[in-house]
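Hi,

Here is the structure I said I would pass on.

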Amino acid sequence: MEYNDTSFMIASSKYDCGYPRNDSHMHNDYELIYVTNGSLTIEIAEKEYYAQKDDIILITNLESHKILNATSQYARYYVSLRPIVADKFIRNPLLISLLKNHTSAFRHCINISASSDKVKTIFNK
């Protein structure tokens, strides 16, 4: 599954031999990674997180990050959203604050196993 235009992109991907390690980088877009299988270790803004199935990872625009390692059978949905689009369409102040206003105590990785069926429904449309 993949959708891509100039405003946002949604993609799903599976890695049978783990995810290749990458260098620290950043994007102009907000990123959301929904882990659907396996696990990974990711560094975001010099903090290291372990993420596994049913975890969502939120990365703000211009926030430095890199995947350190991933298990075999790692699978994910990936969403990339331009800030101008988020500002226009996300009206919930709490939701937009997750993308914009991080304090040093912000946790980038959130487990959503209690709501995973609802989230999967959104991605599988």
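Below is what turned up on the pocket, the cores and the salt bridges.

First, the ground rules: this is a predicted model, so local features need pLDDT of at least 70 and side-chain atom pairs count only at pLDDT 80 or more, while totals for chains, interfaces and linings use all residues. Residues are numbered from 1 along each chain as its sequence is written, and side-chain values use heavy atoms, with hydrogens and water left out.

Of its 21 lining residues, Leu32, Leu58, Val79, Leu95 and Phe123 are the closest to the centre. By class, the lining has 19 nonpolar, two charged and no polar residues (nonpolar is Ala, Val, Leu, Ile, Met, Phe, Trp, Tyr, Cys and Pro; charged is Asp, Glu, Lys and Arg; the others, Gly among them, are polar).

The cores: the largest nonpolar core has 14 residues, and Ile33, Val35, Leu40, Ile42 and Ile57 have the most contacts inside it. A core is a set of buried Ala, Val, Leu, Ile, Met, Phe, Trp, Tyr and Cys residues joined through side-chain atoms within 4.5 Å; buried means under 20% relative accessible area, exposed over 50%, partly exposed in between (1.4 Å probe, protein chains only). Apart from it lies another core of nine residues, including Ile56, Tyr77, Val79 and Val119.

The salt bridges: a search of the whole structure finds two, taking a side-chain nitrogen of Lys or Arg within 4 Å of a carboxyl oxygen of Asp or Glu. One joins Arg82 and Asp29 (3.1 Å, N to O). Those two sit 53 residues apart, with Arg82 in the loop between E8 and helix H1 (83–89) and Asp29 in the loop between E2 and E3; helices (H or I, at least four residues) and strands (E, at least two) are DSSP runs, numbered from the N terminus. Asp29 is buried at 13% relative accessible area, whereas Arg82 is partly exposed at 36%. The other joins Lys100 and Asp87 (2.6 Å, N to O).

Cheers

Technical notes. 1 Å grid on protein atoms, 1.4 Å probe; cavity = no way out; pocket = protein on both sides within 12 Å on 5 of 7 lines; lining within 4 Å.
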